[in-house]
Amino acid sequence: MSHPALAATGGDDFLGHPKGVYVCFFTEMWERFSFYGMKALLLLYLTKYHLFGDDAGYDLLGAYGGLVYCVPVIGGMLADRWLGMRKAVVFGGVLLVLGHAGMAFEGTAAVSEGGIVVRDEGALRATYLSLALIIIGVGFLKPNISTLVGRLYPPDDPRRDGGFSLFYAGINLGALFASLVCGYLGETLGWKYGFGAAGIGMLLGLAMFLWGQKYLHGHAEPNAPESLRERVLGLPREGWIYLAALAGVPPLAWLMWAAANGAFALGGEVSLALVLMLAVLLAVLAWLGWFLATQCTPVQRRQMLALMAMIFMCLAFFTLYEQTYGSWVMFTDRLLTKDLFPTLVQPPSVVVWSDSLPANARLFLSQAPWSMWSLLLAPLSFVVAARMSDRDPHSGMPRALFVAVALLMLVLMVRDSVVLPQTAGSLTYLGPLFLVVLAPVFAWLWASLGRRGRDPSKPFKSALGLAFAGLSFVPLAIAAQYAGETGQMASVWWLVLAYLILEIGEMCLAPVGLSAVTQLSVPRVVGLMMGTWFLATAFSEALAALFGKLAAIEIPEGQMLDMADAASKYADLFWLMMWIGLGCALLALLATPLLKRMMHGVR
C-alpha cells in the first residue's frame with residue numbers, strides 16, 4: 001500500500017520516494033561533481049603548479065570555501081522573497097558553468113628563479129574571476145535545491161529523513177566521481193582537463209534540472225511572479241537581481257586575489273573575506289533577533305533557537321571535516337603511500353599530445369577513468385526508468401534497470417580505485433565513497449528504529465556525529481608519528497580508516513541537520529534558514545584553513561622535505577582536532593535533553 005503522503009506529490013513515487021527527489025539528487029550530484037572536482041585540485045594546483053606556499057594556499061582555500069557557503073544566505077533569501085527556486089537554480093547553474101570553464105585556463109607553470117617565483121599572472125586573474133563566479137553560482141543554487149527536497153514531502157511524512165539521506169547520497173556520489181575523475185585527470189593529464197571535466201558536469205546538471213520540472217509539481221516556482229515583473233527605475237525587478245549578482249563578481253575576484261597574496265589581512269590572519277563573512281553573520285543574527293522577538297509564536301521561537309543550536313553543531317563538525325581538503329590532502333601528498341593495492345596498479349603511460357583534435361580525443365578517452373561513464377549512466381538510467389514508471393507504475397522493470405546500472409557503476413568505480421595510480425587529490429574519493437555506501441544503511445537504520453519508537457533525536461545524532469569526527473583524526477595522528485619515527489611513508493590504509501570513522505559521523509549529523517532546517521524553520525523563511533546552515537559551513541571553511549596553517553610546511557628552494565619535522569606538525573594538529581571534536585560532542589550531548597524539549601515533538 002502506498003503512503004498517503006504520495007498524494008501530495010502527485011502519486012508519482014520511485015523506489016519509495018517522490019520522483020522529484022531524484023531530479024534534485026542528480027542535479028546536486030553533478031553540481032557537487034563540479035564543485036568537489038575543482039576543490040580536490042585547488043590546493044594542489046596552487047602549491048604545485050603556481051608554487052604558492054602552504055600558508056597562501058590555505059588562505060585562498062579558506063576564503064573561497066568560506067564565501068562559497070556564505071553567499072547562499074543571500075541566494076536563499078532572494079528565492080524566498082522573489083525569484084523562486086527554479087529561476088535561482090538555473091541562474092546559479094549558468095554562473096557555475098562559466099566559472100568552471102574559466103578554471104580550465106591554466107596558463108604556464110610558475111618557475112623559481114634565484115628564490116623569486118615568477119607566475120603567470122594572467123592565468124591567476126582568470127582563476128580569481130572563475131572562483132568568484134562559482135561563489136555567486138553556488139549561492140543561488142545550493143540552498144534552493146536543498147530546500148526543494150523538503151517541500152516534496154508533507155510535514156508529517158516519515159520518509160523525510162530517509163529522503164534527505166538519499167539526497168545526501170547524491171551529493172556524495174558527485175563528490176566521489178569528482179575525485180576519481182577530476183582529481184585523477186588534473187594530476188596526470190593536466191590541470192585543465194580536471195577543471196574542464198568539472199564544468200561539463202555542471203552543464204549536465206543544469207540540463208537534468210530543466211528536464212525534471214514536471215516532477216517538482218510547481219514547488220520551484222516563484223510565490224508572486226508579478227513582483228518579478230514590477231519595474232524599478234525602468235527595469236524589471238528580476239533584471240535588477242541578476243545585475244546585482246553579476247556586479248558582485250569583480251569585488252569577490254579581488255577578495256580572492258587579496259587572500260592569495262596576503263593583502264589587507266588584519267593581524268596577518270584575518271582576511272577581508274573573513275571580515276565580509278563576519279558582516280553577513282552580524283546581519284543575519286540581527287535579523288534573527290528581530291524575527292524571533294516580533295514574528296514568532298513561543299513554540300516557533302523555541303524551535304528556531306533549537307535549530308540555531310544544531311547549526312552551531314554543524315559549524316563545529318565541518319571545521320573538522322574540511323581538513324579533508326586541506327591538511328589531509330597535504331599530509332597524504334607528503335607522508336602517505338597512495339595505492340590501496342600496489343601490485344594491481346597499471347604503470348602510468350607517457351602522454352604526448354599532438355595537433356590533431358581527433359587523436360587527442362582518442363588519447364584522452366583511453367587514459368580517462370572509466371568512472372567518467374558512470375556520470376552519464378546514472379542519470380540517463382533514471383530518465384528511462386522514470387518514463388517507464390510513468391507508463392506503467394506497477395512494472396518492475398524501472399527498479400531492475402536502476403539496480404543494474406548501479407551495479408555497473410560499482411564495477412567501474414572499483415576498477416578505477418584499484419587499477420589507476422592514485423594521487424592525493426584522487427584519494428579524496430574515499431570520503432564520499434563511504435557516504436554513498438553508508439547512506440542506505442543509515443536510511444534503513446533510522447527508519448527501523450523509528451518503527452520501534454526508538455529513533456534517536458536529532459540533537460543526539462548530531463552529538464554522535466561530532467564524536468566520530470573527533471575520533472577520525474586518531475588514525476592519521478598515529479600514521480604521522482610512524483612516518484616521523486621511521487622516516488618512511490605511512491600506509492594509505494590509515495587514511496582509509498580515518499575516512500570511514502569520519503563519514504559515520506557525517507551520516508549521523510549532516511542529513512538530519514538538513515532535515516531539521518526544513519522542519520524547525522518558520523515556513524516563510526525556510527530558504528533563508530537553509531542559507532544560515534550554509535553560513536555555518538562558511539565559517540567552518542575559514543576556521544579549517546586557520547587550523548590547517550598550524551601544520552603549514554614551507555620547503556626552502558633546493559631542499560627536501562624534513563619528514564620528522566613535517567610529521568611532528570601534522571601529528572600535533574591531528575591530536576588537537578581530536579580533542580576539539582570530542583569536547584564539542586560532550587557539550588552537544590549535555591544539551592540534548594533541553595533541545596529535545598525546545599523542538600516540541602519534532603524528531
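The legends below describe close-up views of a predicted model.

In this predicted model, local features need pLDDT of at least 70 and side-chain atom pairs count only at pLDDT 80 or more, while totals for chains, interfaces and linings use all residues. Residues are numbered from 1 along each chain as its sequence is written, and side-chain values use heavy atoms, with hydrogens and water left out.

**View A. Helix α4 crosses helix α9.**
Helices (H or I, at least four residues) and strands (E, at least two) are DSSP runs, numbered from the N terminus. The axes of α4 (residues 85–103) and α9 (residues 237–247) come within 12 Å and cross at roughly 30°. Axes are lines fitted to C-alpha atoms, for helices over the stretch in contact, with angles from 0 to 180 degrees between N-to-C directions. The crossing of α4 with α9 is right-handed; a crossing has this hand if the near helix is turned clockwise from the far one by less than a right angle, and is left-handed if anticlockwise. From α4, Lys 87, Phe 91 and Leu 95 meet Glu 238, Tyr 242, Ala 245 and Leu 246 of α9, where contact means heavy atoms within 4.5 Å. By class, 5 nonpolar, no polar and 2 charged residues make up the contact of α4 with α9. Ala, Val, Leu, Ile, Met, Phe, Trp, Tyr, Cys and Pro count as nonpolar, Asp, Glu, Lys and Arg as charged, and the others, Gly among them, as polar.

**View B. Phe 25 and Phe 26 belong to an aromatic cluster.**
Rings of Phe, Tyr and Trp (its six-membered ring) pair if their centres lie within 6.5 Å; planes under 30 degrees apart count as stacked, over 60 as edge-to-face and the rest as tilted. The count by this rule is 28 aromatic pairs. One of them joins Phe 25 and Phe 26 edge-to-face, at 4.8 Å centre to centre and 75° between the planes. Phe 25 and Phe 26 are both buried, buried being under 20% relative accessible area, exposed over 50% and partly exposed in between (1.4 Å probe, protein chains only). The cluster consists of Tyr 22, Phe 25, Phe 26, Trp 211, Tyr 215 and Phe 382.

**View C. Phe 35 and Tyr 36 form an edge-to-face pair.**
The ring centres of Phe 35 and Tyr 36 are 5.1 Å apart, with 80° between the planes. Phe 35 and Tyr 36 are each buried.

**View D. Arginine side chains lie over aromatic faces at Phe 52 and Trp 370.**
Arg 119 is placed over the face of Phe 52, 4.2 Å from the ring centre. Over the face of Trp 370 lies Arg 415, at 4.0 Å from the ring centre. A charge sits over a ring if NZ of Lys or CZ of Arg is within 6 Å of the ring centre and within 35 degrees of the ring normal.

**View E. Leu 51 and His 217 have positive phi values in loops.**
Leu 51, in the loop between α1 (19–49) and α2 (54–70), has phi near 55°, a positive value in a residue other than glycine. Leu 51 counts as partly exposed because its relative accessibility is 29%. His 217 lies in the loop between α7 (191–211) and α8 (225–229), and its phi is about 55°, positive although the residue is not a glycine. With a relative accessible area of 36%, His 217 is therefore partly exposed.

**View F. Phe 574 is a buried residue of helix α22.**
Helix α22 spans residues 563–598. Phe 574 counts as buried because its relative accessibility is 0%. Leaving aside neighbours within four places in sequence, Phe 574 contacts Ser 327, Trp 328, Phe 331, Phe 473, Leu 476 and Ala 477.

Beyond neighbours within four places in sequence, the contacts of Met 304 include Leu 288, Phe 291, Leu 292, Leu 520 and Met 529. Not counting residues up to four places away in sequence, Thr 532 touches Val 73, Val 284, Met 308 and Ile 311. Thr 532 and Pro 143 are 389 residues apart in sequence, with their C-alpha atoms 9.2 Å apart in space.
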